[in-house]
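This report walks through one protein model, from its sheet to its cores and a few single residues. Keep the structure open while reading.

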Amino acid sequence: MEHLYAPWRYSYVSEEKIEGCVFCHISKNLENENLQVLFHDEHCYVVMNKFPYSPGHMMVIPHFHTDKIEDLDDEVWDRMGVRVRQGVKLLKEVMPCEGVNIGMNLGKAAGAGIEQHVHYHMLPRWLGDTNFISSIGGTRVYPADFEEIFNKIKSNVSKYFV
């Protein structure tokens with residue numbers, strides 16, 4: 001039998017589970033370094049995705065709890081767009097990536113993993129980052145240390161988010 005080890009996933013099964021909405025929990029604990037919040041203002045915050053699709057996967061999340069973008073105030077919606085643009089620029093220049101996917105999955109049917117609180121995704125992409133191991137083997141290989149990426153991005157945040 002072959003074994004595939006993923007020691008960084010141990011925290012997922014061993015850490016204390018958050019009661020209620022994880023994004024509201026983060027919003028109330030913005031200074032907790034373990035939550036990997038990169039930036040926050042009065043309307044939203046930018047955080048690393050804890051279970052990323054690709055290294056550097058970030059999200060922009062409003063402080064206001066809703067599953068409907070139509071419930072967001074225009075000012076919050078506009079600010080989220082600004083933070084997405086700033087995050088994309090950061091990813092292109094700091095990672096550096098060759099492209100970025102941005103988007104929202106609204107509702108379970110649309111693929112939302114956390115459907116009760118709207119959020120934008122920003123996924124850095126590189127040519128060839130989806131290959132046979134992902135397509136055929138159903139396994140993703142990350143050529144990066146996620147803590148190192150967080151520190152690299154965090155040390156550059158002040159240049160992009162103002």
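A polar contact is a pair of N or O atoms within 3.5 Å; within protein, one must be able to donate a hydrogen and the other to accept it. The model discussed here is predicted. With that cut-off in hand, start at helix H5. Aspartate 145 caps the N-terminal end of H5. One of its side-chain oxygens lies 3.0 Å from the backbone nitrogen of glutamate 147.

**Helix H5**

H5 spans residues 146-154. Ile149, Phe150 and Ile153 are buried in this helix. Seen down the axis of H5, the buried residues fall within an arc of 100°, so they line one face of the helix.

H5 lies across S1, S2 and S3. It runs at about 25° to S1.

**The sheet**

Five strands form an open sheet in the order S1-S2-S3-S5-S4, with antiparallel pairing. S1 and S4 (99-103) are the edge strands, and each pairs on one side only. On average, neighbouring strands are turned by 15° against each other, direction ignored. S3 and S5 (residues 120-125) run antiparallel and are joined by three bridges. Methionine 58 has methionine 122 of S5 as its bridge partner. Helix H3 packs on the sheet and touches S1, S2, S3, S4 and S5. The direction of H3 makes about 15° with that of S5.

**The cores**

The largest nonpolar core holds 26 residues. Which members touch the most others? They are Met58, Leu90 and Ile153. S1, S2, S3, H3, S5, H5 and H6 each give two or more residues to this core. H3 provides the largest share, seven residues.

Isoleucine 153 belongs to the buried set of H5. Beyond its neighbours within four places in sequence, isoleucine 153 contacts Leu38, Met48, Gly56, Met58, Leu90, Leu91, Val94 and Met95. Another core, of eleven residues, lies apart from the largest one; Ile26, Leu30, Leu35 and Tyr45 are among its members.

**Two loop residues**

Histidine 43 sits in the loop between S1 and S2. Is histidine 43 buried or exposed? Its relative accessibility is 12%, so it counts as buried; the cut-off for buried is under 20%. Leaving out residues up to four places away in sequence, histidine 43 touches Pro62, His63, Glu75, Val76 and Arg79.

Tryptophan 126 is in the loop between S5 and helix H4 (132-135). At 25% relative accessibility, tryptophan 126 counts as partly exposed. Neighbours within four places aside, its contacts are Ser54, Pro55, Met95, Pro96, Cys97 and Glu98. Tryptophan 126 and valine 100 are 26 residues apart in sequence, yet 8.5 Å apart in space, C-alpha to C-alpha.

| Residue | Partner | Distance |
|---|---|---|
| Histidine 43, side chain | Glutamate 42, side chain | 3.4 Å |

Terms used
Residues numbered from 1 in each chain as written. Predicted model: local features only at pLDDT ≥ 70, side-chain atom pairs only at ≥ 80, totals over all residues. Heavy atoms only, no water. Buried < 20%, exposed > 50% of the residue type's maximum accessible area, 1.4 Å probe, protein only. Helix = DSSP H or I, 4+ residues; strand = E, 2+ residues; numbered from the N terminus. Arc of directions from axis to C-beta. Contact = heavy atoms within 4.5 Å. Pairing = 2+ DSSP bridges. Axes fitted to C-alpha atoms, helices over the stretch in contact; angles between N-to-C directions. Core = buried A, V, L, I, M, F, W, Y, C linked by side-chain atoms within 4.5 Å.
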